[in-house]
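Hi everyone, thanks for making time this morning. I'd like to walk you through one structure, starting at the ligand and then visiting some residues elsewhere in the chain.

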Amino acid sequence: MPRLRLAAILLCVCTCLAGRDPGWWRQAVFYELCPRSFQDSDGDGVGDLPGLIRRLEYLRDLGVDALWLTPCYPSGQVDFGYDVTDYRAIDPALGTLADFDRLVAEGRRRGIRIVLDLVLNHTSDQHPWFREARSSRASPRRDWYLWRDGREPGQPPCNWQSLFGGPAWTWDPATGQYYYHYFYAQQPDLNWRNPAVLKEMLEVTRWWYRRGAAGFRLDAVDNLLEDPRLADNPLRPGRNPYGDPNMVNLNNFRLPEEHRLLRELRRAADPFGAVLIGETYTASTAELKAYYGAGDELQLPTGHMLASLPELDAPAFRRRIAEVEATGCWPVWVMGNHDLPRAASRYGAGRAPDAVAKLLGALVLTLRGTPILYYGEELGMVGHEPRRPEEVRDPMARRGWPLAVRRDGARTPMQWESGPGAGFTRGTPWLTIPATATTHNVACERGDPGSVLSFYRQLLALRRSHPALRDGDRQPLAPDDPQVLAFLRRAGDRRLLVALNLSPRASPLNPVPPAEAARAKVLLASGVAVPVAGLPAELGPYGVLIAEL
Ligand code: GLC
């Protein structure tokens, strides 16, 4: 009995430490950033935690509640932090544990929580665990990774391929076996069927929660488990950008048993009121729903249900949103991240990137659910793709040049001001800063009421001051409109109308009866001529209107 009481007290203390409200992540606006691209403080051209701390004030003024930082641990830096060499430290290029503690404390003072990225599927090949595992077949760590004999001499154990090109098996001459890696050969997969691996990773999460981390974005969760029989994957016609045959990752991707692991991770998170965001690229709502479990797995699986739509198209977006809502699970809305081309470029290519940036911000910040913004979206930052292979930093693109996905373009430094280092660094930035940084930067946009930044700030402030936008229900309007996505957000007797023109053509606007439209008060608009009273009759190309009815 006393032990039970102690556990209850501990749980209570942890929840209080996490900010009292276990459902805080429903209300929060998340902001993903790559620390190496946010703010450099020592002139080496790479952003760092002291730099980020200096910019917390900006983030507070912007109005975000939680930051998701791409990996900050010591790393082989083959995959920009996604190849970890020590799960309980900070990469020296980014700072120290003391800097992390300061980040948490300074964030807390400003109401901003810090969420880390947990790379749990694999480590770096330089991690002491892997070094130990590869030292001998008899090593106690051997079974922490996936080691197998070849099918026959010179033949990997099965036909699985690495996402980053070539076989997913690498021969280790010293011990005469292959090891498995879904990503680069420098990222060996951990063996999650080994209970010691699970135990250690749960401890890692608790260690960071106790230090003040508010949660994790769980990297590559669909890769955690593999079919133990190592059955070959079926092939599809054609070849991928690396020249490998196309295949269906039937036996090494999204295995149903991964849900047991997600439940364990959640059980460790709950006493701390921590959030688990998942890297879960789902194509269907049935798949998406599975990640929530019975409310005991991920709180925020990033389904990419919108970001995967190829173009702005009101009927397609309307359908997707309705499908996500029909799952009955709490939605997560994301338009961009560090692996995808920038959203303003994807959807605004060559047309009106600023108008599109505002439209996308209005979409994710007015839908019912938790939005995750990606740094620079609030400035209308566009992609800056390397044009020559020598400019490429991401090995994935170099290896599959020119056809493979290019990720550098979405990871360029944050644009703070005009000038050579864009206020990001006084040295040479690790990725080239695009010419558009001279017009699209915090310093210029802050003073311009028509800028993308000013629009985002108003949007975030509106979301904060209107419970209808945070907690209210959502009622779709004009279900057959070919251009405009319109809906109501309602809480108590407050009703907000949101109308978004997803097309490059102006569109008539009549989502509510004329008498109601005449009484409406416009709260925020872009691409619209706002009348003195009531609602405008037309929404311009990619126009946005938010009004109180
Ligand atoms: C995830 C990350 C990506 C990384 C990969 C391997 O997909 O988002 O950036 O390359 O995992 O860790």
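First, some housekeeping. This is a predicted model, where local features need pLDDT of at least 70 and side-chain atom pairs count only at pLDDT 80 or more, while totals for chains, interfaces and linings use all residues. Residues are numbered from 1 along each chain as its sequence is written, and side-chain values use heavy atoms, with hydrogens and water left out.

Let's start with the ligand. How many residues surround the ligand? There are 13, and the closest are Asp79, Asp219, Glu279, His338 and Asp339. Being near here takes a heavy atom of the residue within 4 Å of the molecule. Sorted by class, that shell holds seven charged, three polar and three nonpolar residues. For the classes, Asp, Glu, Lys and Arg are charged; Ala, Val, Leu, Ile, Met, Phe, Trp, Tyr, Cys and Pro are nonpolar; and the others, Gly among them, are polar.

Now the individual distances. Asp339 has a polar side-chain atom 2.5 Å from a ligand oxygen, and for His338 the corresponding distance is 2.8 Å. In the side chain of Arg407, an N or O atom is 3.0 Å from an oxygen atom of the ligand. The ligand on its own has 300 Å² of accessible area, and the protein covers 96% of that. Those areas come from the Shrake-Rupley method with a 1.4 Å probe; for residues, only the protein chains shown count as cover.

And where does the ligand sit? It sits in the largest pocket. A pocket is found on a 1 Å grid over the protein atoms alone, as an open set of points with protein on both sides within 12 Å along at least five of seven lines. Sitting in it means that more than half of the molecule's atoms lie within 2 Å of its grid points.

On to the backbone. Most residues other than glycine have a negative phi, and most peptide bonds are trans. With that in mind, look at Phe80, which is not a glycine and has a positive phi of about 50 degrees. Phe80 is in the loop between strand S2 (66–69) and helix H5 (97–109). Helices (H or I, at least four residues) and strands (E, at least two) are DSSP runs, numbered from the N terminus. Is Phe80 buried or exposed? Phe80 counts as buried because its relative accessible area is 14%, and the cut-offs are under 20% for buried, over 50% for exposed, and partly exposed in between (1.4 Å probe, protein chains only).

Arg254 also has a positive phi, near 50 degrees. You'll find Arg254 in the loop between strand S9 (245–247) and helix H8 (258–269), and with 25% relative accessibility it counts as partly exposed.

What kind of peptide bond joins Trp401 and Pro402? That one is cis, with omega at about -5 degrees. Pro402 belongs to the loop between helix H13 (395–399) and helix H14 (442–446).

Next, a side-chain pair. Glu548 lies in strand S20, residues 544–548, and is buried at 14% relative accessibility. Its side chain makes a polar contact of 2.7 Å with the side chain of Arg494. A polar contact is a pair of N or O atoms within 3.5 Å; within protein, one must be able to donate a hydrogen and the other to accept it, and residues adjacent in sequence count only if both atoms are side-chain atoms.

Last, some pairs in sequence and space. Leu56, in helix H4 (residues 56–62), is buried with a relative accessible area of 0%. Leu56 and Gly107 are 51 residues apart along the chain, and their C-alpha atoms are separated by 6.8 Å. Finally, Thr302 in strand S11 (residues 300–302) is buried at 6%, and its C-alpha is 26 Å from that of Asp91, 211 residues apart in sequence.

Methods
1 Å grid on protein atoms, 1.4 Å probe; cavity = no way out; pocket = protein on both sides within 12 Å on 5 of 7 lines; lining within 4 Å.
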